[in-house]
Amino acid sequence: MTAHTEAKSPEQLDNSAANDDVANNDVANNEAETTNVTPDQDAPDNGVDLAAIFEPYFRPDDNTIVCGALDDEKVVALAKAGVELVINLQPDDELSFDESSAVEQAGMHYEHLPISGAADLKQLKILAFDNILRQNHGKKIAVHCGTGNRVGAAIALRAGWLRGRKMDTAMERGRSHGLTKLAEEVHNRLLVPR
């Protein structure tokens, strides 16, 4: 991650708006050993080393975490890291536990917008995704699917279709949020004006 400066480039401005786009809990010292938390509460993410907990893990900016599927322990880690909102793009048949209840019990808000794959990467889904991000602008958020690939696809399409970003910029935004296997599909969809 680059150092923060007063002047921001257009790409940095694009990244910063919840990322316009795409979100502090106290942690007792005795919890540090079991959750990778250090006593230094002024550290980013309240001292929780999210990179050691999540695989895959993408951090496009300070307020956005992109990761793969969650479980109870990962939900607790996100809450301790100060995440305010979890956005789940996995359909119900991919979930192995009651994620909504776990997230809400941990004190975070929960949004579920299932994207099963390329077939669900339609403008209405991307508009719904954009709406969630806009309503939660400025919050520390975690967005996830199984691997981060669908998150990256949704971010790239949002950047291209709804933000008017050029192809290269939209694709780079997607890659910074986990876009991999769906890159060709996203590229082809971005070629079609919306």
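Does Cys67 count as buried or exposed, and at what relative accessibility? At 0% relative accessibility, Cys67 is classed as buried. Keep in mind as you read on that this is a predicted model.

## Cysteines

Cys145 is buried too, with a relative accessible area of 1%. Might you expect a bond here? The sulfur of Cys67 lies 8.6 Å from the closest cysteine sulfur, which belongs to Cys145, and that is too far for a bond. A disulfide needs the two sulfur atoms within 2.5 Å. A search through the whole structure turns up zero disulfides.

## Overall layout

Let's step back to the chain. Its secondary structure amounts to nine helices and five strands. Starting at the N terminus, the order of elements is α-α-α-β-β-α-β-α-β-α-β-α-α-α.

The chain has 194 residues, and 47% of them count as buried. Its accessible surface is about 9700 Å², with 47% of that area belonging to carbon and sulfur atoms.

## Where α6 meets α7

Helix α6 spans residues 123-135 and helix α7 spans residues 149-162; their axes come within 10 Å and cross at roughly 95 degrees. Because of that angle, α6 is roughly perpendicular to α7. On the α6 side, the contact is made by Gln123, Ile126, Leu127, Phe129, Asp130, Leu133 and Arg134. On the α7 side, Ala154, Ile155, Leu157, Arg158, Trp161 and Leu162 take part.

Sorted by class, this contact of α6 with α7 holds nine nonpolar, one polar and three charged residues.

Methods. Residues are numbered from 1 along each chain as its sequence is written. This is a predicted model: local features need pLDDT of at least 70, side-chain atom pairs count only at pLDDT 80 or more; totals for chains, interfaces and linings use all residues. Side-chain values use heavy atoms; hydrogens and water are left out. Axes are lines fitted to C-alpha atoms, for helices over the stretch in contact, and angles run from 0 to 180 degrees between N-to-C directions. Helices (H or I, at least four residues) and strands (E, at least two) are DSSP runs, numbered from the N terminus. Angles under 35 degrees count as roughly parallel, over 145 as roughly antiparallel, 65 to 115 as roughly perpendicular and the rest as oblique. Contact means heavy atoms within 4.5 Å. Ala, Val, Leu, Ile, Met, Phe, Trp, Tyr, Cys and Pro count as nonpolar, Asp, Glu, Lys and Arg as charged, and the others, Gly among them, as polar. Buried means under 20% relative accessible area, exposed over 50%, partly exposed in between (1.4 Å probe, protein chains only). Accessible areas come from the Shrake-Rupley method with a 1.4 Å probe; for residues, only the protein chains shown count as cover.
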